[in-house]
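Let us walk through this fold from the whole chain down to single residues. Keep the sequence and the structure in view.

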Amino acid sequence: MLDGILDLVKDQALGAITNNANVPADKKEAAVETTTDAIVDGIKNNISLDNITSLLGIGGDSDLSSNQMVSSIQTSVVSSLSEKVGLSKEVAGSIAAAVVPALLQLLSKKSGDSNDSFSFDSLLE
């Protein structure tokens, strides 16, 4: 289950970072790894039964700016990219803003799909 989440996170991060001209070529791989680690850690640290209910309500056009979990994970991604990779907070913020909401919407969609085996509940185990 965690491998599936890691793959989704890496795919989202890779797209946002590869297409960002403000990320130097020699830092792109580190940025993808750092973003992936920060998001996975953020999900693990923020997941609870209450947050699962909140995440399941994330729809395609939801305003995620007021979602506390999204905000917390984005802050973590910005800090990690700034401190570990040396990106400016503006560039790190643009990556976090592109990756985190899209990823959580995708995970919410997968969780609500009866044909998909993904479940946020598995992260609580």
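The protein chain has five helices and zero strands. Helices (H or I, at least four residues) and strands (E, at least two) are DSSP runs, numbered from the N terminus. Along the sequence the pattern reads α-α-α-α-α. This is a predicted model: local features need pLDDT of at least 70, side-chain atom pairs count only at pLDDT 80 or more, and totals for chains, interfaces and linings use all residues. Residues are numbered from 1 along each chain as its sequence is written, and side-chain values use heavy atoms, with hydrogens and water left out.

Take the chain totals next. Of the 125 residues in the protein chain, 38% are buried. Buried means under 20% relative accessible area, exposed over 50%, and partly exposed in between (1.4 Å probe, protein chains only). The accessible surface of the chain is about 6,700 Å², and carbon and sulfur atoms hold 46% of that. Such areas come from the Shrake-Rupley method with a 1.4 Å probe; for residues, only the protein chains shown count as cover. Among contacts with a separation of 6 or more, 68% join residues 24 or more positions apart. Contact means heavy atoms within 4.5 Å.

Now look at one helix pair. The axes of α2 (residues 28-46) and α4 (residues 68-85) come within 9 Å and cross at roughly 145°. Axes are lines fitted to C-alpha atoms, for helices over the stretch in contact, and angles run from 0 to 180 degrees between N-to-C directions. The crossing of α2 past α4 is right-handed. A crossing is right-handed if the near helix is turned clockwise from the far one by less than a right angle, and left-handed if anticlockwise.

Which residues of α2 meet α4? On the α2 side they are A30, A31, T34, T35, A38, I39, G42, I43 and N46. Their partners in α4 are M69, S72, I73, S76, V77, S80, L81, K84 and V85. By class, this contact has 10 nonpolar, seven polar and one charged residues. Ala, Val, Leu, Ile, Met, Phe, Trp, Tyr, Cys and Pro count as nonpolar, Asp, Glu, Lys and Arg as charged, and the others, Gly among them, as polar. An α-helix has 3.6 residues a turn, so residues three or four places apart point the same way.

Check the helix lengths. The 19 residues of α2 should span 27 Å at 1.5 Å a residue, and its end C-alpha atoms are 26 Å apart, which agrees. The expected span is 1.5 Å times one less than the number of residues. G86 follows α4, with a positive phi near 85°.

Return to α2 for its buried residues, including V32, T36 and V40. T36 is buried because its relative accessible area is 1%. Leaving out residues up to four places away in sequence, T36 touches L6, V9, K10 and A13. D7 is found in helix α1 (residues 2-18). The C-alpha atoms of D7 and T36 are 9.0 Å apart, across 29 residues of chain. D7 has 47% relative accessibility, so D7 counts as partly exposed.

V40, in α2, is 7.8 Å from V9, C-alpha to C-alpha. V40 is buried, at 7% relative accessible area. A102, in helix α5 (residues 89-112), is 9.7 Å from V9, C-alpha to C-alpha, though 93 residues apart in sequence. A102 is partly exposed, at 27%.
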